[in-house]
Amino acid sequence: IRDIAQNEFSELYPYACGFLDLVKLSLHNDQRNKIFAFLLHQACEKLYNTILMVFTNYRPKSHRLQDLGGMVKRFSMELVTVFPQNTDGEKECFNLLCRAYIEARYNDKFVVPKEVVDALVPKVDLLFNIVEDVCRKQFDYYKQQSKKQLPKERG
């Protein structure tokens, strides 16, 4: 289980990093905000999938961040703090991120203000940090469990 989890983490986590890095490197171009929102959505999706694979060895077919976020919160309530929904602005920001998966690609009228992208980048950064921490702790747990199950040497 530990090896499978580590392999999945080693593939999915850097993949998600790539999406965020593309956004950070290109933020000076305001004309591509809906593409940035799509890339941030992809980063979040990969991060949620990373947690699910590390903890359950299961990756759902869903692209809905609301669903994926609901699936991972049982592994760390800290994940719930990344996209708070306390104000209309917070709700709208998360809503645009969620809609970006489809609409950034297929709806010419879909608009994501630069302020939303600017607000999302630190949230996705926070998600990266939490995911890395939660997964590393799970790897430590797997390591401890595997040591407990090693047969004792006969003397």
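Me: Which helix gives the most to the lining of the largest pocket?

Reply: A pocket is an open set of points on a 1 Å grid over the protein atoms alone where a 1.4 Å probe fits, with protein on both sides within 12 Å along at least five of seven lines; lining residues have an atom within 4 Å of a point. Helices are DSSP runs (H or I, at least four residues), numbered from the N terminus. Here helix α3 (residues 65-72) gives the most to that lining, with 4 residues. This is a predicted model, in which local features need pLDDT of at least 70, side-chain atom pairs count only at pLDDT 80 or more, and totals for chains, interfaces and linings use all residues. Residues are numbered from 1 along each chain as its sequence is written, and side-chain values use heavy atoms, without hydrogens and water.

Me: How many salt bridges does the rule count?

Reply: Side chains of opposite charge can pair when their charged atoms come close. A salt bridge is a side-chain nitrogen of Lys or Arg within 4 Å of a carboxyl oxygen of Asp or Glu. The count comes to 7. Among them is the pair Asp 67 and Arg 64, with the closest N and O atoms 3.0 Å apart.

Me: What separates Asp 133 and Lys 137 in helix α5?

Reply: The two side chains meet in a salt bridge (3.1 Å, N to O). Asp 133 and Lys 137 are 4 residues apart in helix α5 (residues 114-148), which means about one helical turn between them.

Me: Is Lys 137 buried or exposed?

Reply: Buried means under 20% relative accessible area, exposed over 50%, and partly exposed in between (1.4 Å probe, protein chains only). Lys 137 counts as exposed at 53%, whereas Asp 133 is partly exposed at 33%.

Key:
Helices (H or I, at least four residues) and strands (E, at least two) are DSSP runs, numbered from the N terminus.
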